[in-house]
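Work through the exercises below with the sequence and the model side by side. Each task is followed by a solution in steps.

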Amino acid sequence: MNYIGSKFSLLDFLKETISQVTGYNDGKGLVFGDLFAGTGVVGAAYKELGWTVLANDIQYYSYILTRHYIENCPPIDNSLIKELNSLEGVEGFVYKNYCEGSGSKRNYFTNSNGKKCDAIRIKLQELYESKQISESEYFWYLASLINSIDKYANTASVYGAFLKHTKKSAQKELILEPLPVIDGPKGKAYNRDINELVREISGDVLYLDPPYNSRQYCSNYHVLETIARYDNPELTGMTGLRKGNDQKSKFCSKRTVAETFDDLIKHANFKYVFLSYNNEGLMSLDVIKEIMSRYGEYSFYTKEYRRFKADKDENRNISADSTLEYLHCLIKR
């Protein structure tokens, strides 16, 4: 998925640096925490390396993805893929609220793809509730739907707005593509507030990748959240935001981020803590250093990488094509 803050392109940098600092060359018998999991790419990479992964994110669509990547292990039966892809479209919640043909005036998906998404989502729920598919299969197919539908979204990258005219990639027919099943130790996925969860878990390496700025993920990916939950929420405004959203992160506010971060580090029961943050975030590098240094031995590493492409679409007046990613390291006392 094309996702704000995705660390897919930085995986080698992360793995090499974490190995260098910790001396851990494999994950046998070790626990890795990925508590701002997003699309789950970091946790999945560490599961594949043999770590037992604890993954968390406050967004439910993220939980669905990580529930599959972290808790599902092969083999899993994927024989329903052909049947799901052959379903006739249904005029369900996605079509009625995110497609122009319904009269919603929203153009997130073509009419046919919206209807097909509804058909697959409804069928998955029916199969799961009637116990025709297992919990593992349900999360696999649902995670695959979330990952697949995103490729056909008529947006500039995020769901903060839709495009007036339907772009070429959005015009293609939705095909449900199964996500890989990662071979490795079965971990645990959570859908919790991180500052509450961190008080209840422990491990060897904790990796943190919080939001860097004021862009809330609950607003930028609200459509995926609704497809994941399929809870028929009341929607508001031209973009169809979920009304009464309670998933706003304190890491997206200049007023609350430092205090919230300090509380998180203080209560992290992990030997090593690593924080991804760039040089343009709400917390200055000095503030991060000051907070992390209170709890042990601090150091940092850097890597230049290309900026997330949606930045220009949001008129943030940023001219640079790249930014400097910092990996802050803490060996806790």
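Contact here means heavy atoms within 4.5 Å. Helices (H or I, at least four residues) and strands (E, at least two) are DSSP runs, numbered from the N terminus. The model is predicted: local features need pLDDT of at least 70, side-chain atom pairs count only at pLDDT 80 or more, and totals for chains, interfaces and linings use all residues. Residues are numbered from 1 along each chain as its sequence is written, and side-chain values use heavy atoms, with hydrogens and water left out.

**Exercise 1.** Determine how helix 11 (residues 222-229) is enclosed, and what covers its buried residues.

Step 1. Buried means under 20% relative accessible area, exposed over 50%, and partly exposed in between (1.4 Å probe, protein chains only).
Step 2. By that cut-off, the buried residues of helix 11 are His-222, Val-223, Leu-224, Glu-225, Thr-226, Ile-227 and Ala-228.
Step 3. That is 7 of the 8 residues, so helix 11 is largely enclosed by the rest of the structure.
Step 4. The cover over these buried residues includes helix 3 (60-71), helix 5 (93-98), helix 6, helix 7, helix 10 and strand 6 (241-242).
Step 5. After helix 11 comes Tyr-230, with a positive phi near 50°.

**Exercise 2.** Describe how helix 7 (residues 135-150) packs against helix 11 and against helix 6.

Step 1. Axes are lines fitted to C-alpha atoms, for helices over the stretch in contact, and angles run from 0 to 180 degrees between N-to-C directions.
Step 2. Helix 7 and helix 11 pack at an angle of about 150°, their axes 10 Å apart.
Step 3. The two are therefore roughly antiparallel (angles under 35 degrees count as roughly parallel, over 145 as roughly antiparallel, 65 to 115 as roughly perpendicular and the rest as oblique).
Step 4. On the helix 7 side the contact is made by Leu-142, Leu-145, Ile-146, Ile-149 and Asp-150, and on the helix 11 side by Leu-224, Ile-227 and Ala-228.
Step 5. For helix 6 and helix 7, the axes come within 10 Å and cross at roughly 170°. This pair, helix 6 and helix 7, is therefore also roughly antiparallel.
Step 6. Among the residues in contact are Cys-117, Ile-120 and Leu-124 of helix 6 and Tyr-138, Leu-142 and Leu-145 of helix 7.

**Exercise 3.** Find the salt-bridge partners of Lys-7, and say which parts of the chain they join.

Step 1. A salt bridge is a side-chain nitrogen of Lys or Arg within 4 Å of a carboxyl oxygen of Asp or Glu. The structure holds 14 of them.
Step 2. One joins the side chains of Asp-209 and Lys-7 (3.0 Å, N to O). Asp-209 lies in the loop between strand 4 (203-208) and helix 10 (217-220) and Lys-7 in the segment before helix 1 (11-22), so this bridge ties together parts 202 residues apart in sequence.
Step 3. Glu-325 also forms a salt bridge with Lys-7, the closest N and O atoms being 3.9 Å apart. Glu-325 is in strand 9 (residues 322-332), 318 residues from Lys-7.
Step 4. Asp-209 is buried, Lys-7 has a relative accessible area of 2%, and Glu-325 one of 1%.

**Exercise 4.** Is each partner in the bridge between Lys-116 and Glu-173 buried or exposed?

Step 1. The side chains of Lys-116 and Glu-173 meet at 3.5 Å, N to O.
Step 2. Lys-116 is buried, at 7%, whereas Glu-173 is exposed, at 57%.
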